[in-house]
Amino acid sequence: MSVYMLNMGIVFIWSWFAKMYGREDHRLPTGYRPNAILTVVPLASLIIVAGLRYKVGTDYHTYMLLYELAGKYNNIWEIFGFGTDKSSTDPGFTALLWILNQISADPALMFAVVAAITYIYIVKTLYVYGRPFELSMFLFIGMFHYYASFNGIRQYMAAAILFWAVRYLIDGKLVRYMIVVLICSLFHSSALIMIPVYFIVRRKAWSPVLWCLMLLFLAGTFLYQKFLSVFLVVLENSQYGHYEEWLMKNTNGMNAIKIIVLLLPLVLAFCFREQLRKRWPEVDYIVNLCLIGFLFGILATKDVIFARFNIYFGLYQLILVPYFVRIFEPKSNALLYVLILICYFLYSFMLMPFDSSVLPYRTIFER
C-alpha cells in the first residue's frame, strides 16, 4: 500500500510542478502546455511501479503463460498465419511478445514494455487535453484506471493508443482514426467496437441518437436474458466462444459504487452543458464517449464481462472531470477541486484491498 501512496504523491506533485512551470499555448484545446521535461517524472513513476511488479494483478499468471507460448513460434510470420494452417489470436500482441522473447525469456520484460507503451500514450493525451494537468493525472490513479490496467494489459494498451487517437476523432480525420483502430485490433480484437462508436459520438451531446442508444442499453439490461441469447449467437464463432458457458452461469455484476462514479460526471455534464461548450465546443464528443462507458457499466451490472468494454471509454473521464473545476467562480472551482481530490482518493483507497488483486505489492527483486 505504501508504494501505491508514494506513487500517487509523486504523480500528483510532479504533475503540479509540470503545470506550474508550463506556458500558455492556444494551439492546444486547453490553451496551456505543461512543462514537458517535468512530465517525465510522473510518467516514469507510473511505468516503474507497474513494470516492476511481480505476481500482482489477477491476470499476471495468464500473461506469463502467453509470453512463454509466444516464444515457441519459429518466426514472426507464423503468428500471422504465413506458412502454417493457423494464426495467433490477437497476432499484433503475440508478435510483440515474440520480439521481446528474442531479447529475454523473462516475462518481466513484457510487463515493463507494455506498461511503458500504455502510460506514454495516456500521458501524451492528458498532456494535450487534460487541464488542470495534475488533476487529470491524479484521476488516472484515483479513478482506479491505473490499477485496473495491471490486468487485461493488452486491452489497456489498445485503449491507451485509441485514447491518444481521440485527436483524429475530434478533428473528423476518419481514415487516420480507422487505421489506428485496425492496428489496435491486432492487439485486442474488441478494439473494432470503436469503428461504429466514431460515427455515434461525433454529434452534440444529449442528441436524439444518444437518447435512443440509452434506451437500447436500458432495454438490454432489463431484458438481459433475451439479450444474452442473441449475444451468445454472435459470440459462438468468435475467439471468445469459450465464455459462453461462463456467461450462462455467472451472476457477478459490476459494483454499484462504480456505476455511481460513472454516472456523477455525466449528471454534471448535463446540468452544465452550455458552460462546458463555451470552454470547449468539442467537449460534446468526450461527453458522448463517457456516456457510452456508463451504458456498458449499466449492462455490466448483469455480468461484469461487459465492463471490459468500458476500458475503451472510462479514460475519457480524465478529460471531462477536470473541466468542472474551470466553469464556476474561483471559490467554487477551488472547493470542487479539493472535493474531487478527497473523494477519488477515498474511492481508490476503498477499492484497493478488493479489486484487481493489486495487494500485496511485490517487485521482481523479491521473487
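Contact is taken here to mean heavy atoms within 4.5 Å. Helices are DSSP runs (H or I, at least four residues), numbered from the N terminus. The structure is a predicted model, in which local features need pLDDT of at least 70, side-chain atom pairs count only at pLDDT 80 or more, and totals for chains, interfaces and linings use all residues. Residues are numbered from 1 along each chain as its sequence is written, and side-chain values use heavy atoms, with hydrogens and water left out.

Of its 13 residues, 10 are buried, so helix 5 is largely enclosed by the rest of the structure. The buried set comprises Pro91, Gly92, Phe93, Thr94, Ala95, Leu96, Leu97, Trp98, Leu100 and Asn101. The elements covering these residues include helix 3 (60-70), helix 4 (76-79), helix 6 (108-129) and helix 9 (153-164).

Grid points are joined across faces, edges and corners, and a volume is the space filled by probe spheres set on the points. Lining residues are classed as nonpolar (Ala, Val, Leu, Ile, Met, Phe, Trp, Tyr, Cys and Pro), charged (Asp, Glu, Lys and Arg) or polar (the others, Gly among them).

Two cavities of 30 Å³ or more are present. The largest cavity holds about 60 Å³ and is lined by Ala50, Arg53, Phe111, Val114, Ala115, Thr118, Tyr119, Ser149 and Ile153. Helix 6 contributes the most to this lining, with five residues; by class, the lining of the largest cavity contains six nonpolar, two polar and one charged.

The second largest cavity has a volume of about 30 Å³. Its lining consists of Ala205, Trp206, Ala269, Arg273, Leu276, Arg277, Val283, Asp284 and Val287, with helix 17 (273-279) and helix 18 (283-300) being the elements that give two or more residues. Six of these lining residues are nonpolar, none is polar and three are charged. Alanine 205 lies in the loop between helix 12 (194-201) and helix 13 (208-222) and is buried, with a relative accessible area of 6%. Residues up to four places away in sequence aside, alanine 205 touches Arg277, Asp284, Val287 and Asn288.

The second largest pocket contains about 320 Å³ of space. Among its 15 lining residues, Leu264, Pro265, Ile340, Cys343 and Tyr344 are the closest to its centre. Helix 16 (256-271) and helix 21 (330-351) each supply at least two residues of this lining, and helix 21 provides the largest share, seven residues. The lining of the second largest pocket is made up of 15 nonpolar residues, with no polar and no charged ones.

With a disulfide defined as a pair of cysteine sulfur atoms within 2.5 Å, the count is zero. Cysteine 184 has its nearest cysteine sulfur, that of cysteine 290, 19 Å away; cysteine 184 is buried, with a relative accessible area of 1%. For cysteine 343, the nearest cysteine sulfur is that of cysteine 271, at 17 Å.

Methods: 1 Å grid on protein atoms, 1.4 Å probe; cavity = no way out; pocket = protein on both sides within 12 Å on 5 of 7 lines; lining within 4 Å. Buried < 20%, exposed > 50% of the residue type's maximum accessible area, 1.4 Å probe, protein only.
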